[in-house]
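Hi,

Here's the structure I said I'd pass along.

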Amino acid sequence: MINLDPVRLAVAAGMLLAYAAMCFALWRSSSKRCAPDEAADWLVVYASQTGTCEYLAGQTVATLRTGGLRARAASMDDIAEAQLRNANRILFIVSTYGEGDPPDSGARFAGMLGGLDASLGELHYAVLAMGDSSYVNFCGFGRYLDAALQARGAQPLFQRVEADRSAPAAIEAWQHHLSHLAGTSDAPDWSAPAYGEWRIGERALLNPGSAGAPVYRVTLRPAGALLPDWQAGDLVQISAPGDPAYPREYSIASLPADGQIELLVRLHVRDDGSHGVASGWLCLQAPEQDTIQMRVRQHSRFQQGGNAARPMILIGNGTGIAGLRAHLKHRIANGRRDNWLVFGERNAAHDHFCRDDIDAWQRDGALASLSLAFSRDGAEPRYVQHALSAQAEQVRQWVAQGAAIYVCGSLQGMAAGVHDALLAALGQQQLDQLDAEGRYRRDVY
Ligand SMILES: Cc1cc2nc3c(=O)[nH]c(=O)nc-3n(C[C@H](O)[C@H](O)[C@H](O)COP(=O)(O)O)c2cc1C
């Protein structure tokens with residue numbers, strides 16, 4: 001017969017209860033948090049061109065999760081109509097470009113929302129609109145988004161927050177709202193990677209005699225610290241002394257394997273002959289071996305990502321060759337030769353940036369195709385978009401073989417011209433599809 005000692009029984013029952021309570025607590029805490037791809041109660045939708053809103057979306061998700069909420073970030077590109085109609089809680093973080101337009105990754109969603117003929121009465125949302133008040137349509141897309149959501153019955157959780165040039169006060173206001181939502185004051189640190197001290201190595205004028213403004217190749221190494229990591233497509237932010245504007249961004253033209261950051265900087269020359277503060281300082285005034293404040297900024301929309309395994313058409317003008325050079329160096333180092341470079345500037349004799357690299361790649365068979373468009377060499381101006389139009393059949397073939405298209409360079413003229421040439425070659429549907437698949441990527445400024 002079993003001896004049922006009441007004291008032992010009570011101890012055993014207590015231990016069982018404690019164990020059950022521990023299991024319940026563990027289950028509760030694990031069910032409250034979620035991995036990025038799992039279902040989430042809070043969706044943080046960002047539309048970002050150069051990564052600011054994407055970065056803030058990541059910080060927003062981290063803050064909500066600190067409070068135990070299930071949250072995940074998604075690019076606006078990836079939000080389907082059904083998802084919007086069924087959503088209960090979305091925080092939008094969006095920038096503005098052009099004439100109050102969305103960034104590329106928000107264009108499809110904006111069109112879809114504009115044509116949406118359904119009630120969004122179940123949706124609770126908030127908008128963080130990033131912009132720059134020196135543009136006429138300050139925060140134009142954030143304002144449009146807010147109005148369009150309200151017009152369809154969606155309910156704002158709190159008033160739209162507008163951040164002028166990433167103004168810290170506005171970001172703090174957004175953080176404050178999040179702390180309320182998440183019920184925590186224990187928010188993570190939102191500061192971007194700190195600026196470090198970098199030393200200028202060489203500065204070489206790349207286009208002596210050019211009809212355009214001088215372009216310099218500037219090399220930089222960390223002063224004392226280790227070289228940080230970055231990927232082809234990433235940018236640096238530079239804060240020049242006495243520059244009242246926010247940090248200037250430049251595409252990185254080199255890879256960590258080069259042991260230094262290389263930039264192509266065009267000297268900004270004003271009508272009265274004076275120089276821009278940042279470019280003047282970087283190209284001319286800062287003494288060589290002087291240190292500058294700089295940090296690397298990830299630019300995930302313009303990295304290789306899944307396109308590393310695809311053929312690639314790389315299109316750019318002027319200093320836009322910088323970002324393309326980093327991509328080509330990376331791809332060629334990884335044995336990919338299915339690269340088609342389309343580059344344009346003014347005169348071949350003066351403006352053939354990165355000519356040594358391009359010649360060597362061509363000699364080694366690392367460029368399957370090369371198209372150069374020097375606009376002032378012929379009787380008629382000829383730009384990269386004309387080179388593309390002339391080879392529309394080749395564009396179609398490359399895309400049919402799975403190619404991705406990367407465009408880097410000036411927003412004015414080049415980006416729209418290239419877009420139109422691609423549209424004519426591929427048609428709206430196919431270009432939209434490439435965009436949706438992340439195979440049409442732009443770093444334009
Ligand atoms: C070429 C260009 C055009 C812009 N146009 C506008 C504009 O019309 N209205 C505005 O409020 N901000 C404008 N901005 C500022 C951006 O919206 C702002 O810098 C934003 O923080 C960028 O966020 P993102 O990095 O997530 O794209 C413009 C910026 C650039 C570079």
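Let's start with a helix pair: Gly106, Phe109, Ala110, Leu113 and Gly114 in H4 meet Phe141, Tyr144, Leu145, Ala148 and Leu149 in H5. Meeting here is contact, i.e. heavy atoms within 4.5 Å. The residues of that contact split into 8 nonpolar, 2 polar and no charged (Ala, Val, Leu, Ile, Met, Phe, Trp, Tyr, Cys and Pro count as nonpolar, Asp, Glu, Lys and Arg as charged, the others, Gly among them, as polar).

Before going on: this is a predicted model, with local features needing pLDDT of at least 70 and side-chain atom pairs counted only at pLDDT 80 or more, while totals for chains, interfaces and linings use all residues. Residues are numbered from 1 along each chain as its sequence is written, and side-chain values use heavy atoms, leaving out hydrogens and water.

The axes of H4 (residues 104-114) and H5 (residues 140-151) come within 10 Å and cross at roughly 30°, so the two are roughly parallel (angles under 35 degrees). Helices are DSSP runs of H or I, at least four residues, and strands are E runs of at least two, numbered from the N terminus. Axes are lines fitted to C-alpha atoms, for helices over the stretch in contact, with angles from 0 to 180 degrees between N-to-C directions.

The other spot is asparagine 207, in the loop between strands S7 (196-205) and S8 (215-222). Asparagine 207 counts as buried because its relative accessibility is 3% (the cut-off is under 20% relative accessible area, 1.4 Å probe, protein chains only). Its side chain reaches the backbone oxygen of alanine 213 at 3.1 Å and the backbone nitrogen of valine 215 at 2.9 Å.

Cheers

Terms used:
Parallel < 35°, antiparallel > 145°, perpendicular 65-115°, else oblique. Buried < 20%, exposed > 50% of the residue type's maximum accessible area, 1.4 Å probe, protein only. Polar contact = N/O pair within 3.5 Å; in protein donor to acceptor, adjacent residues only side chain to side chain.
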